[in-house]
Amino acid sequence: MQGHSETDHVMMARALRLAERGAWTTKPNPMVGCVLAHGSDVVGEGWHQRQGGPHAEVFALEAAGDRARGATAYVTLEPCAHTGRTGPCADALVAAGVSRVVAAMRDPFPQVDGSGFERLRAAGIEVSHGLMEAAAQALNRGYVSRVVRGRPWLRVKLAMSLDGHTALASGESKWISGEASRRDVMRWRARAGALLTGSGTVMADDPQLTVRLDDDADFVPPLRVVLDPGLATVARGRVREGDAPTLYVHAANAKPPRELGSDRVAVPAQGNALDLHAVLRMLAERGINEVQVEAGATLAGAFMRAGLVDEVLLYMAPVLLGAQARPLFAGLDIHDMTQRMALRIEDIVSVGDDLRLRLVPAQPSGDAGAAG
């Protein structure tokens, strides 16, 4: 957006870094950072730390005290103008006497979506938005996806050999990637609202699907989601152990055991496959912003075939598994080059002996499909 100074850019970059500190704890709320400054002199700053707790603007105003009067507030997301678990941040900024508000992006949440800016302008505060908007959108891509598209942002995590395989023909896949990559995966798990797998992976690999970090970092345990049309795995597996919640998603005609209780939900099915669109819509209704899929080639391929993959987190290890090993994505049914699925590399990072590639579909993802 035009009219922003170099200082404005520096302060907004600082606010975005603050916002990212809440990546593991704010879900399902968006990550928000706020900096209060007189020119280049920062007088207060803060970030939204946890659902139900004070918003970023409140922390910044408390830190600034009387120095908030006449300051510019740099905030990564439009200040709220409604009362939820906390009071309206727009009103708090007005009461504190700030003279200017610079926001990176509007809040697409219907109860806000421009009303925060309107309240600030009505109080005589200068308002602008759009500064570093792309970075703000990327930071809260899960929240934006849930609010705007009605489904979470979907990330598929895979580990593959140099020859493009994810498991031996027998299904054995532990461990393709190295220890450093497995530690890195934990940090991506921590930011997810849900970790999703299929019944086949539960039976073959018996995953825990929990976040295990080396330090004492604070995080909200993600929901563990098992797609199991016939509820064949409810009596087995480590996926039910520990403090993290587990949800089984099944077909309507499945017969759940009585002890499973409410930890299950039925979604429409097409034959033996669950409707993936319905699965993601259900998770959005439960406040899930980001889903990380950790499953085999069949379920990963089903999501890709359905056009629902937003991001691929791919760990490539310097090993070979041979021609009979399993592919990254099964069932894509590509017969000639005109049908190929193009991905764009967002970044490549060395992680121990492995390479981590983060890729997104070259074409925007869609919203339909079913899973087996």
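The model is predicted: local features require pLDDT of at least 70, side-chain atom pairs count only at pLDDT 80 or more, and totals for chains, interfaces and linings use all residues. Residues are numbered from 1 along each chain as its sequence is written, and side-chain values use heavy atoms, with hydrogens and water left out. The protein chain contains ten helices and 19 strands (DSSP runs numbered from the N terminus, with H or I of at least four residues for helices and E of at least two for strands). Its radius of gyration is 23 Å, close to the 21 Å given by the globule rule for 372 residues, so the chain is as compact as a globular protein of that length. That radius is taken over C-alpha atoms, and the globule rule is 2.2 Å times the number of residues to the power 0.38.

**Overall fold and surface**

- The C-alpha trace spans about 65 × 45 × 45 Å along its principal axes.
- Of the 372 residues, 52% count as buried (under 20% relative accessible area; exposed is over 50% and partly exposed lies in between, with a 1.4 Å probe and protein chains only).
- Among contacts (heavy atoms within 4.5 Å) between residues at least 6 apart in sequence, 71% join residues at least 24 apart.
- The chain exposes about 16,900 Å², of which carbon and sulfur atoms supply 49%; accessible areas come from the Shrake-Rupley method with a 1.4 Å probe.

**Cysteines**

- The structure holds zero disulfides, a disulfide being a pair of cysteine sulfur atoms within 2.5 Å.
- For Cys-34, the closest cysteine sulfur is in Cys-89, at 8.4 Å, which is too far for a bond.
- Cys-34 is buried, at 0% relative accessibility.
- Cys-89 takes part in no disulfide, and its nearest cysteine sulfur, that of Cys-80, is 3.8 Å away.
- Cys-89 is likewise buried, with a relative accessible area of 2%.

**Backbone geometry in loops**

- The peptide bond from Lys-27 to Pro-28 is cis, with omega near 5 degrees, and Pro-28 lies in the loop between α1 (6-20) and β1 (33-38).
- Asp-206, although not a glycine, has a positive phi of about 50 degrees. Asp-206 sits in the loop between α8 (199-205) and β9 (223-227) and is partly exposed, with a relative accessible area of 28%.
- Leu-231 is a residue other than glycine with a positive phi, near 55 degrees. Leu-231 belongs to the loop between β9 and β10 (246-251) and is buried, with a relative accessible area of 7%.
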